[in-house]
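Let's walk through this one together, starting with charged side chains and then moving on to strands. Keep the model open as you read.

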Amino acid sequence: MSTIRLRGGRVYDPANGIDGEIRDVGMRDGRIVALHPEERVDRDYDVSGMVVMAGGIDMHSHIGGGKVNLARMLLPEDHRANRAPENPLELASSGCCTPGTLATGYRYAEMGYTAAFEPAMAVSNARHAHMEMGDTPILDHGAYVMLGNDELFLRMLAERQDFERIRDYVGWTIKATRAMGVKVVNPGGISAFKFNQRKLDVDEDHAHWRVTPREVVQVLARAVHELGVPQPLHIHASNLGVPGNIESTLATIAALDGLPGHLTHVQFHSYGNEGARKFSSAARRLAETVKAHPNVSIDVGQIIFGQTVTASGDTMRQHANADLGSPRKWIGADIECDAGCGVVPFRYREQSYVNALQWAIGLELFLLMDDPWRVVLTTDHPNGGPFTSYPHLIRLLMDKSFRDEQLAKLHPDVAATAELREIRRELSLYEIAIMTRAAPARLLGLVDRGQLGLGAAADIAVYRDDADRETMFAAPEYVFKDGELVARGGRIEATPVGGTHFLEPEFDRGIERELARYSAEHLSTSWRHAEIGRDELCSCANGGRLLPCRLHGRGGSK
C-alpha cells in the first residue's frame, strides 16, 4: 500500500472533537497515520479549501435479501431507463428506487459513503442476504437479524421459559446468521397477521400466543444487552403509518425500561390524530420524549417526493397499505415460522396533504433533536426514498431559505400550518458529520470507522466547499476506501471488495437441543443448515475481509 497525504483540508471529525480545523491527514496500509510534514509520500493531494470527513455510514438501508429482490422485480419500469455505464470500471446494473447490487455500491461511493447496513435480515434468508451484500462493491456491510416474530421465540415467551434460555437462543441466532445486531419489526405483529389479526398494539395480546409487543421488546432488549451486542435493539415499532401511532411509539420507549434501544424510521411513527383530517404531527412529543430518555436513539426515515417502492418485513402494515400502491400492484409473502414481507410501490406527492405532512414531520424531528449523537440521517431506503437523495436532504437541513422554498410548494394546508415554518435551526457541517458518520459508527460499535483518528480505517470523503450543499455532497472530489481512491468527482475509480461486519456472541450451546426438536417437528429444513460459516462469508464477498465486531460485557471480546 502506498503512503498518501491529504494536505491542508478543513477537517470535521466529531469522534475526536475536530470541528473544521485545517490539518493534514495521512494514510498508509489502509489506516490513518501521522506523517511528518517533510516525510516523503507516494501521493500528495492538495485539498486546501476543501472539507474532509470520514466516509459516510448508512446504518439503515435495505440493500440485500429477499424483499429487496422482490422490490426490484416488481418495478421493471424502474430499470428500463438505465443505460449501459460509460465508465469501463462499472459493470452493468440497474434501478433507481432499488438499485442492483453493483449500482448500490457505485452510487453510495460516488456520494462519499463507504459502509451501509441491511436492517432486516430474516433467519431463513440470511445466506442470500450475505451473498447480495457480498456482491455490492466497495462498501463495508453487515445485517441485523429479525427476531420477535419467529415461532420458536414466541413459543418460548408464551411458555414462560427461563430468560437465560431465550437469551441463548438470541445468541445462537446472531452467531448462526453472522449478524451484527438484532431487529424487531412490529413486535409480534407479523406473526399475529398470520392468525388473521389486523392490528396489534403495545399492550394487546397476540391472538394465538397471548403475549404482547411490550413483552417482546423487553425480553429482546435485555437479551441483546446481556449478550454484549454493541448496537441497541433496532426497533420498528407497532402501528407504522397509523394516525395516532405516537402513543404506541411512546409506549415502546417506556417498554425498554431504561435498556438501550434504537427506534428506526421514526417519521412513520410520529403521527397524531388531531385536526379535521385526524392526522397531525407529533414530532415535538417524540423529540421531547427521546431527549428525556438517554437510553434511546433514533433514525428518521425522511420521505422524499417522487417514485419509490416500500419493502418491509411488516406484512401486517404493508397489507393494509396495498390499496395505496402506485403503480397499483404489490407482493406479500409469509416466510415459514420465521417472518414475512410486503412490497408496495409508492409515489410521494407534494400536493398530497398526508405526504406533505410526512415530509414536514421528518424534518421537524431532525431539527428538534438537540443531540445529534442520537439521531441518524436516513430515508429508510427505499421506503421513504432512495439513498441517492441524501445530498438533497442534507441541503434541506442546512439551508433554512431552501427549506422554506420547498415547503411553499406543498399542499397549502401543510405549508400554512406546519411547525417546520417556525424552526430556524440550520445544521452545521459538524452536525452533519455526526449524523452521517460518527453517530452511526458509535451506535454500531464500529470503533475504527466514522472517524479520522490515528489507527482508524482510511475511509475518507473530501468535498469541495459549496454554498449549495446538495451539489457539494452529491459528488465529493475524492473518496478513499481503506486508503484506496475509489471515486473522484462523482466518477468511480476503483471497485475493491468491502468487509463484512458480524458478531460471535457467547451462549450455552445446550440451546441447540431445543432447536433440533423444534426443527424436526415444525420446519422443512434442519436447523443446522441455518448456520453460516466464516468461509461462506469469504466466498460471498469474493474474498473480502471479515470484520468481527467487538462485543461488550457478558459476551467478552472477539
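**Charged pairs and hairpins**

Arg464 and Glu477 join their side chains in a salt bridge, 3.1 Å from N to O. This pair ties together distant parts of the chain, 13 residues apart: Arg464 sits in strand β20 (residues 460-464), Glu477 in the loop between α17 (469-474) and β21 (478-481). A salt bridge here means a side-chain nitrogen of Lys or Arg within 4 Å of a carboxyl oxygen of Asp or Glu. Glu477 is buried at 15% relative accessibility, while Arg464 is partly exposed at 47%; buried is under 20% relative accessible area, exposed over 50%, and partly exposed in between (1.4 Å probe, protein chains only).

A quick word on the ground rules. This is a predicted model, where local features need pLDDT of at least 70 and side-chain atom pairs count only at pLDDT 80 or more, though totals for chains, interfaces and linings use all residues. Residues are numbered from 1 along each chain as its sequence is written, and side-chain values use heavy atoms, leaving out hydrogens and water.

Now look inside a helix. Arg222 and Glu226 form a salt bridge with their closest N and O atoms 2.9 Å apart, and they sit four residues apart in helix α8 (residues 213-226), about one helical turn. Helices (H or I, at least four residues) and strands (E, at least two) are DSSP runs, numbered from the N terminus.

Finally, head to the strands. β1 (residues 3-13) and β2 (residues 18-28) pair in the antiparallel sense over nine bridges; pairing takes at least two DSSP bridges between two strands. Gly17, in the turn of their hairpin, has a positive phi of about 70°.
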